[in-house]
Amino acid sequence: MDFNNKVCIVTGGANGIGRAIVEQFLQNGANVIFIDIDNEAAEKLVAKHGEKLTYFSGDITNEEIITNFVKMVLKRFKHVDYLINNACVSRNGILSKCSYDDFNYVLKLGVTAPYLLTMLLQDYFNSDAAIVNISSSRATMSQKDTESYSAAKGGISALTHALSISLAGKVRVNSISPGWIDTGAFGELSREDHLQHPVRRVGTPLDIAKMVLYLCSDASSFITGENITIDGGMSKQMIYHGEHGWSYTS
Ligand SMILES: NC(=O)c1ccc[n+]([C@@H]2O[C@H](COP(=O)([O-])OP(=O)(O)OC[C@H]3O[C@@H](n4cnc5c(N)ncnc54)[C@H](O)[C@@H]3O)[C@@H](O)[C@H]2O)c1
């Protein structure tokens, strides 16, 4: 895929899936600007990749920081081609009494920031532009005590189809719902961690980054408002106690 001379924004690009997205765009010729709060990891990434990569340090739950970030991007590049809304965290849920402020923080990070970035950039997208929002399989299925994250992911999924209609003809807007992606944050994975998946392995950041690039490329020019689940088949698997090797213990 050729992304030469394209301008791509990635939120949360210093680590994990975001870093893989940044590196894939760079390898395919794009100019990449990313915003993050992890200055140490971000600076290492910039040192590794050089002048086609620009870092802006800041917390995207803050309106003023987003405004300043967009001003910086437009001053430098005038227009943008791709916006990848990747950054998100969890602050758990109702069983651990996730507070009003914590709940709102996750929504600001996962839903409001993607909305505001899109709004501020909407008049500055080049033709054939695309937005890719990183949702989660948790937008449609849950474990206990995950309300802040699940609500943010449900929100960004709905934001995706709404924006695809509002920006029709200007920007294609799609989302990706990763399942379990090993970013190194989960320690050593067991054989069972991998084998429980229908594809027999946990996902990698590259599994997601490749789809992001596809959804930005001309190869996907008939796809908008869509969500692509990339979870090794986990959400398609029916589980009943005593069947096919599954057992309920509680
Ligand atoms: N890893 C998984 O298994 C998985 C599964 C489903 C969905 N996702 C989603 O993929 C995306 C990336 O996840 P990841 O696992 O790579 O996460 P990660 O924690 O490895 O990376 C997230 C990045 O976002 C940055 N960030 C966090 N808060 C920020 C803020 N307020 N402002 C700016 N930057 C901020 C972090 O510093 C970090 O660099 C997230 O939206 C996550 O919900 C991940």
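This is a predicted model: local features need pLDDT of at least 70, side-chain atom pairs count only at pLDDT 80 or more; totals for chains, interfaces and linings use all residues.
**The chain as a whole**

The secondary structure of the chain consists of 7 helices and 7 strands. Read from the N terminus, these elements follow the order β-α-β-α-β-α-β-α-β-α-β-α-α-β. Along the principal axes, the C-alpha atoms occupy a box of roughly 60 × 40 × 40 Å. The radius of gyration of the chain is 18 Å, which agrees with the value near 18 Å for a compact globule of 250 residues. Of the 250 residues, 39% are buried. Contacts between residues at least 6 apart in sequence join residues at least 24 apart in 70% of cases.

**Two helix pairs**

Two packed helices are described by the angle between their axes and the distance between the axes. The table gives these values for two pairs.

| Helix pair | Residues | Axes come within | Crossing angle |
|---|---|---|---|
| H1 and H7 | 16-27 and 205-216 | 8 Å | roughly 50 degrees |
| H3 and H4 | 63-77 and 100-121 | 10 Å | roughly 35 degrees |

The crossing of H1 and H7 is right-handed. On the H1 side, the contact involves Gly 16, Ile 17, Arg 19, Ala 20, Ile 21, Gln 24 and Phe 25. These meet Pro 205, Leu 206, Ile 208, Ala 209, Lys 210, Val 212 and Leu 213 of H7. The residues of this contact between H1 and H7 comprise 10 nonpolar, 2 polar and 2 charged.

H3 and H4 also cross in a right-handed sense. From H3, the contact draws on Glu 63, Ile 66, Thr 67 and Val 70. H4 contributes Ala 113, Leu 116, Leu 117, Leu 120 and Leu 121. By class, the residues of the contact of H3 with H4 are 7 nonpolar, 1 polar and 1 charged.

**Ser 247**

Is Ser 247 buried or exposed? Ser 247 has 9 C-beta neighbours inside 10 Å and therefore counts as exposed, since a residue is exposed if 12 or fewer other C-beta atoms lie within 10 Å of its own. Leaving aside residues up to four places away in sequence, Ser 247 touches His 241 and Gly 242. Ser 57 is 190 residues from Ser 247 along the chain, and the C-alpha atoms of the two are separated by 47 Å.

How values were computed
Residues are numbered from 1 along each chain as its sequence is written. Axes are lines fitted to C-alpha atoms, for helices over the stretch in contact, and angles run from 0 to 180 degrees between N-to-C directions. Helices (H or I, at least four residues) and strands (E, at least two) are DSSP runs, numbered from the N terminus. A crossing is left-handed if the near helix is turned anticlockwise from the far one by less than a right angle, and right-handed if clockwise. Two residues are in contact if their C-beta atoms, placed from the backbone, lie within 7 Å. Ala, Val, Leu, Ile, Met, Phe, Trp, Tyr, Cys and Pro count as nonpolar, Asp, Glu, Lys and Arg as charged, and the others, Gly among them, as polar. The radius of gyration is taken over C-alpha atoms; the globule rule is 2.2 Å times the number of residues to the power 0.38. A residue is buried if 20 or more other C-beta atoms lie within 10 Å of its own, exposed if 12 or fewer, and partly exposed in between; C-beta atoms are placed from the backbone.
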